[in-house]
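Work through the exercises below with the model open. Try each task before reading its solution.

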Amino acid sequence: MSAMDGETVRVHQNRRIALGACVAVSLLATGSLGYIAGSASARPASTLNGTLTSEASSGIEAVSAGGEASTLTGEAAEAYEENTTPIDQTDVTFDENTALSRAEVEERKDALADHYSVGQPLSAEDLEFMRAYLIDAEPPASASSPAIEAAAYGGAEARIVPAALYNLNQSFNVTISGAGATANASGRITGGIDLVDANWGVSWTTKRTGGKALTKITSSVKADAFGAVAAWPFVGLIYSKSYSATSPSGASSWSFSRNGRATGAVAYMQMDCRSYVYTTSGSFALP
């Protein structure tokens, strides 16, 4: 049994290079395994073709509150550059962002997009949180294809520099028991960020491997991206999609696949994937 779908959403033209993205896959209801691409430098500029190009002078297309395209120029574009530059965690000024534990960062990160609609700018507190905890200041020591290192947050997370994220392709395999049954989830996550867009994809199969018979399996994914918006501080939610599908009654295996694309500058992006397995005794989540 399987459920598959794809979608494409054009957000705005992206002229940024030194931006990061996050792709996170939850292994448990309370844990995660993720891949984060952090910001490799503090702007302005494309050096892929050997030429420095000013973001502020060329303009950055953004998303307005109604989802319409807009363009940031001059001081607005410069503010967006500044407000997507990482800061040290010791430099935060809001109490809610001070000395956060790994669990606190994960909780804030997972719920961040739920507080905003597409085109809505981040609050000062949430922007500071993103700059301090979610956008990476330094790439891994080796930035050649793809370089991965241990991350500070999210359990078994890893970090990848933006250039190496073009062809992110990572498998996972997890077995969990609950509600009288044992189930396995195995699949793959993909992601990419480049000069003109950001893309993501997930595909996995959840199946019973032992214990009680299953009554159903529900799989879901939520993908969110933050980037340029038309109002101060010019950083906000630019993309948010959720998908879910449930197997036929009594199915012991269920395959789920989704993918999407947000065209434009992305300062931070994440995916949250989960399957819920049901028996007559209850339910449990994996990844």
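Two strands pair if DSSP finds at least two bridges between them; strands are DSSP runs of E, at least two residues long, numbered from the N terminus. The model is predicted, so local features need pLDDT of at least 70, side-chain atom pairs count only at pLDDT 80 or more, and totals for chains, interfaces and linings use all residues. Residues are numbered from 1 along each chain as its sequence is written, and side-chain values use heavy atoms, without hydrogens and water.

**Exercise 1.** Classify the ring pair of Phe226 and Tyr268.

*Solution.* Apply the cut-offs. Rings of Phe, Tyr and Trp (its six-membered ring) pair if their centres lie within 6.5 Å; planes under 30 degrees apart are stacked, over 60 edge-to-face, the rest tilted. The whole structure holds 6 aromatic pairs. For Phe226 and Tyr268, the centres are 6.3 Å apart and the planes at 35 degrees, so the pair is tilted. Phe226 lies in strand E12 (residues 216-228) and Tyr268 in strand E15, so the pair ties together parts 42 residues apart in sequence.

**Exercise 2.** Are Phe226 and Tyr268 buried or exposed?

*Solution.* Buried means under 20% relative accessible area, exposed over 50%, partly exposed in between (1.4 Å probe, protein chains only). Phe226 has 1%, so Phe226 is buried. Tyr268 is also buried, at 1%.

Methods:
Helix = DSSP H or I, 4+ residues; strand = E, 2+ residues; numbered from the N terminus.
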